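Subject: Handover of a structure, with notes on its cavities and a pocket

Dear colleague,

I am passing on the structure below, and I would be glad if you could read the notes that come after it.

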Amino acid sequence: MCGIAGIFHAETPKPVDPARVERMCDALVHRGPDGSGVWTAPGVGLGHRRLSVIDLEGSPQPMHSIDGRCVIVFNGEIYNFRELRRELEASGARFRTSGDTEVILAAYRRWGVDCLARLDGMFAFALYDLDKRALFLARDRFGVKPLFLAPLADGSLVFASELKGLLAHPLLRRRANPQAIDAFLAWGYVPDSHAILEGTCKLAAGHFLWAEQGRALPEPRRWWDIDFSDRSKGSEADLSAELLHLMREAVQSRMVADVPLGAFLSGGVDSSSVVALMSEASAQAVRTCSIGFDVAGLDETSHAEAVAQRFGTKHTARRVGHEDFAEIDALVTMFDEPFADASALPTWRVCQLAREQVTVALSGDGADEAFAGYRRQVFHAGEERLRSLLPEGVRGPLFGTLGRLWPKADWAPRPLRAKSTLLALAASGEEGYARGLSATTPEQRAALYSEGFSREIAGFRAEDELVALMRVAPARSGLDRAQYADLAFWLPGDILTKVDRTSMAVSLEAREPLLDHRLVEFAARLPERMRVRGGTGKYLLKRCMERYLPHDILYRPKQGFVTPIAEWLRGPLAGEARAIASSPVVAESGMFDPSALARLAEAHIAGRSDNSRLLWQLLMLEKSLTRLGISA
């Protein structure tokens with residue numbers, strides 16, 4: 001795992017200062033503490049920071065192709081590099097190293113940009129072709145590895161694994177993107193379609209950019225997409241056998257490393273499944289680690305310990321408490337952009353714990369998106385069935401009126417908190433799912449904005465992007481479209497961003513075997529009854545793993561990596577909640593109505609409503625904008 005950065009002049013091949021590229025890379029030293037390198041030529045400069053995992057001494061970067069005509073900097077891992085190497089050697093290719101970086105170079109020399117379809121792995125890379133005077137930037141299918149881009153006033157394009165790499169360039173403007181702020185408050189993260197700085201963007205998952213000197217910069221092009229429009233045929237037994245085969249291959253391919261390797265273990269279905277298959281494939285005890293909480297109802301460590309005992313792992317566990325809030329500024333530094341998934345704190349802690357023992361850790365991320373494991377997906381499938389029974393002309397007025405009249409009772413038992421469900425049923429399936437996935441509604445955000453900021457984002461509504469994405473999804477059903485949105489929007493924006501930044505902050509490589517693209521493509525073709533049955537998701541996955549895991553692990557209610565932030569903001573962190581209203585950046589920048597922020601905090605502290613998620617978002621926004629030194 002590594003960090004990359006670079007500068008490219010598209011229209012005029014101006015000289016590139018190697019020291020400038022080096023400074024951009026130095027900002028990414030946490031991603032690659034084991035080595036660094038810079039290469040420049042007229043109009044281009046590539047830089048690299050290395051975390052050694054495979055071929056520890058033999059694959060320095062930037063790396064030249066064996067004929068010297070291409071140069072690459074690469075962040076990630078290619079899991080099928082040995083198979084690709086054998087295929088390329090059979091066609092005459094020669095290699096000087098035993099790692100995966102040189103395989104990408106040889107694959108590009110053989111197949112051009114079509115080499116991407118042959119790569120099984122997580123990656124973001126920049127490859128410069130000296131003969132074509134072209135820069136080839138690419139990102140993996142799901143967006144496991146990040147890549148930020150920004151065109152600058154001098155005509156150059158700068159890129160880096162993290163925003164902090166771009167911030168090291170003196171020409172980068174530091175003005176907040178108002179649409180990104182609205183999107184952040186809608187979702188709790190800045191999605192791949194935006195970046196917090198105006199003029200900055202992210203190369204989207206499954207896309208590449210081909211830029212030639214002497215020509216204007218083109219738009220990125222999609223090279224892969226997940227397709228839910230087909231359906232597999234076969235018995236449950238046959239599909240289960242195929243699923244197990246794919247999961248075994250995915251886990252085993254990600255256990256290849258020349259450094260110590262382990263796994264995160266929460267005690268849930270997904271991480272427990274990964275640990276079970278790792279233990280099956282390993283002659284040595286698997287190293288596992290987990291994090292718990294100081295709130296008993298949210299602590300899963302007993303389940304993790306039960307799985308660890310079942311498979312004889314070398315297990316360690318720690319707990320996170322409200323005192324860990326003191327590290328919030330470290331989280332802000334990791335993410336650069338505002339990021340309000342409160343589970344980032346325990347994720348960082350479990351990465352720290354893992355790094356004490358290993359350099360590579362496997363996770364269970366991706367299974368909920370691929371196999372319909374989220375409760376919201378199951379609810380959406382049921383809501384879509386109800387929508388199909390009532391004409392829109394009846395459904396909209398009926399449920400819309402009920403939803404507006406129903407009280408917002410955060411304190412009540414879940415069955416009585418029907419307001420959001422009724423409002424969702426009044427809308428289209430896409431609108432309803434966007435409402436269910438979002439952290440705040442457009443109405444809630446509008447109530448917080450100042451008149452000036454509302455005018456500045458007039459015509460923009462963050463939810464519209466998700467609605468449009470779902471409407472063009474290659475899908476058959478509402479469940480398909482919901483899963484497509486989670487894989488294409490939520491996964492790279494939230495889950496994978498969280499794991500990448502928290503793991504790289506401690507120089508740990510995190511791998512996601514359940515995001516093997518062949519496994520996800522298999523899941524996307526499953527009939528709905530193999531994904532959702534009896535009101536619960538991940539049906540086939542759970543049935544498949546019954547031979548490995550006990551019933552109480554597979555079928556207990558899904559908990560997720562939940563942080564007790566609501567309790568903390570009413571108790572030891574209440575002062576932080578109240579301080580948001582008087583924060584110089586949030587309250588005095590002109591974006592928000594300070595009195596609305598104060599009412600929001602007091603209502604939460606008094607227990608009249610649960611505003612913890614929004615308060616946490618505002619807190620992270622304030623700290624992020626302060627650190628970046630930007631204003632609206």
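This is a predicted model: local features need pLDDT of at least 70, side-chain atom pairs count only at pLDDT 80 or more; totals for chains, interfaces and linings use all residues.

Residues are numbered from 1 along each chain as its sequence is written, and side-chain values use heavy atoms, with hydrogens and water left out.

There are 6 cavities of 30 Å³ or more (a cavity being a set of points, on a 1 Å grid over the protein atoms alone, where a 1.4 Å probe fits but cannot get out; a volume is the space filled by probe spheres set on the points, which are joined across faces, edges and corners). The largest cavity has a volume of about 160 Å³, and of the 20 residues that line it (those with an atom within 4 Å of a point), F148, K202, E337, T497 and R501 are the closest to its centre. Helix α19 (residues 478–504) gives the largest share of this lining, 6 residues.

The second largest pocket (a pocket being an open set with protein on both sides within 12 Å along at least five of seven lines) holds about 380 Å³ of space. Its lining consists of 19 residues, with A204, R222, L469, A488 and F489 nearest its centre. Both α18 (463–471) and α19 supply at least two residues of that lining, and the largest share, 4 residues, comes from α19.

Best regards
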